[in-house]
Amino acid sequence: MTVRVRLAPSPTGNLHIGTARTAVFNWLFARHLGGKFILRVEDTDTSRSRPEYTENILEGLRWLGLDWDEGPFFQSKRLDFYKQGVQTLLDKGLAYRCYTTTEELEALREAQKSRNEAPRYDNRHRNLTPEQETAFQAEGRSFVIRFKIDDTREIVWNDLVRGKMVWRGSDLGGDMVIARATDGGIGQPLYNFAVVIDDMDMQITHVIRGEDHIANTAKQILLYEAFGAKTPEFAHTPLILNMEGRKLSKRDGVTSICDFQEMGFTAEALVNYMTLLGWSPPDSTQEIFTLEGAAKEFSFERVNKAGAKFDWAKLDWINSQYIHNMPVDKLTDLLMPVLEKAGCKLNDGRERQWLEELVTLTQPSLTRLQDIVSLTKTFFTTEVEYGEEAIAQLKKEGVIGSVEAIIAALDDKNPLDATTAGDIIKQVVKGQKLKKGLVMRSLRAALTGELNGPDLMQSWLLLNKINLDKSRLTQALAAAS
């Protein structure tokens, strides 16, 4: 048997981290067993589905590196196929036309509520006679198609994550609507029906999805049996929770993959972290691994039943590890759009080599890609904003003389290198009879307006290469006076 799994997102919003984590587990399972990963877009909710959401989902999966083997297939192009399946159940006597009105259903729910009963359909139209149907049609009533559910039936399956699962037909809310109301024909099929038809047609062997689908699974198993089809295996993965133990939602801030991307998380780090949301590798100390590496180890025996708490600090740490170990040329490619979006002019005398040197300088300090903006702002402006500490440093005794001496030592015709810069500092320390620490702190304050930052000498060399160091030093003299 070739393992065939699927991801079936609904394009009613951007790619959510919960859907993305489901995609990760499906992808890992398929790759672990040499199977196929199929992508299916469940876009039959015409009132809420949008093409831009479909594109967002596809782009998000590509960005994460979750390539699919077949698809994307679109449910909206398969409606006739679903209607044929509905007709099959009608012909078998396993489904029927229900003419109950909205008002009648509401009255039923209110009566059940008054008796503190769980809402359920009472199957009142399950055994209509032809004459009764004709009378309802004469009243102008439309109908839905309902699938018959035996209340005494026990539905059992072995969940790959949760073990033996048992549901009773009486827990499923009465006969299930499988197609919407329409005038005279079969209307649009609903989720629980369409998904079974698709999974049968696409020969899905394993359905891997969130635990919030467990009730749907019991209903779907009954539909597989009604068609005489083999039921796939099911794995219901834990939900992603916030740190308070509630289901992660928009109220917790960012939940869409494109938002994580915008915040400066790398695809490798985010997908690495998502594998750890509910799954643990055999080596519990290992936390950094590629998708391919995780696929070699993945199994549902190591997927937890309990909800997975989303930990921002852990994600930040994983992201920093990928950034710190990334080749400089690749990291530069990722950072250039971030800098450009922040208004930094990269083509203003700044060559690729200069940018890579800047990235090398700041790389150890980056946690998210967006951090590059604040860490390098001094390299993309002609004017420096001097903080109070920097002004205080520049006003110390002997500092103005040291800055003037550095300016005098600079050679406009020959750019600085590490040796020349070091020699200038030695000359100033000796000539001005100052401590080296004072000179160095004052140089940083003059060049950047701050007393802390990346390596001072490398920063100086970078500013010198774009002819900003001398003007900065001159500006500092004015600020200190």
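**The pocket and beyond**

Guide: Helix 1 gives the largest share of the lining of the largest pocket, five residues. This is a predicted model. The volume of the largest pocket is about 1100 Å³. Its lining counts 40 residues. Nearest the pocket centre lie Pro 9, Ser 10, Thr 19, Asp 212 and His 213.

Three strands form an open sheet in the order 4-5-8, and their pairing is antiparallel. Strand 4 (95-98) and strand 8 (176-182) stand at the edges. Each has a single partner strand, so one side of each is left without a neighbour in the sheet. On average, neighbouring strands here are turned by 20° against each other, direction ignored. Strand 5 (residues 143-147) pairs with strand 8 over four bridges, in the antiparallel sense. Within that pair, Phe 143 stands opposite Thr 182 of strand 8. Helix 3 (residues 79-92) packs on the sheet and touches strand 4, strand 5 and strand 8. The direction of helix 3 makes about 100° with that of strand 4.

Last, the cysteines. A disulfide is a covalent bond between the sulfur atoms of two cysteines. A search of the whole structure finds zero disulfides. Cys 344 is buried, at a relative accessible area of 13%. Cys 258 is partly exposed, at 25%.

Methods: Residues are numbered from 1 along each chain as its sequence is written. This is a predicted model: local features need pLDDT of at least 70, side-chain atom pairs count only at pLDDT 80 or more; totals for chains, interfaces and linings use all residues. Side-chain values use heavy atoms; hydrogens and water are left out. A disulfide is a pair of cysteine sulfur atoms within 2.5 Å. Buried means under 20% relative accessible area, exposed over 50%, partly exposed in between (1.4 Å probe, protein chains only). Two strands pair if DSSP finds at least two bridges between them. Helices (H or I, at least four residues) and strands (E, at least two) are DSSP runs, numbered from the N terminus. Axes are lines fitted to C-alpha atoms, for helices over the stretch in contact, and angles run from 0 to 180 degrees between N-to-C directions. Contact means heavy atoms within 4.5 Å. On a 1 Å grid over the protein atoms alone, a cavity is a set of points where a 1.4 Å probe fits but cannot get out, and a pocket is an open set with protein on both sides within 12 Å along at least five of seven lines; lining residues have an atom within 4 Å of a point. Grid points are joined across faces, edges and corners, and a volume is the space filled by probe spheres set on the points.
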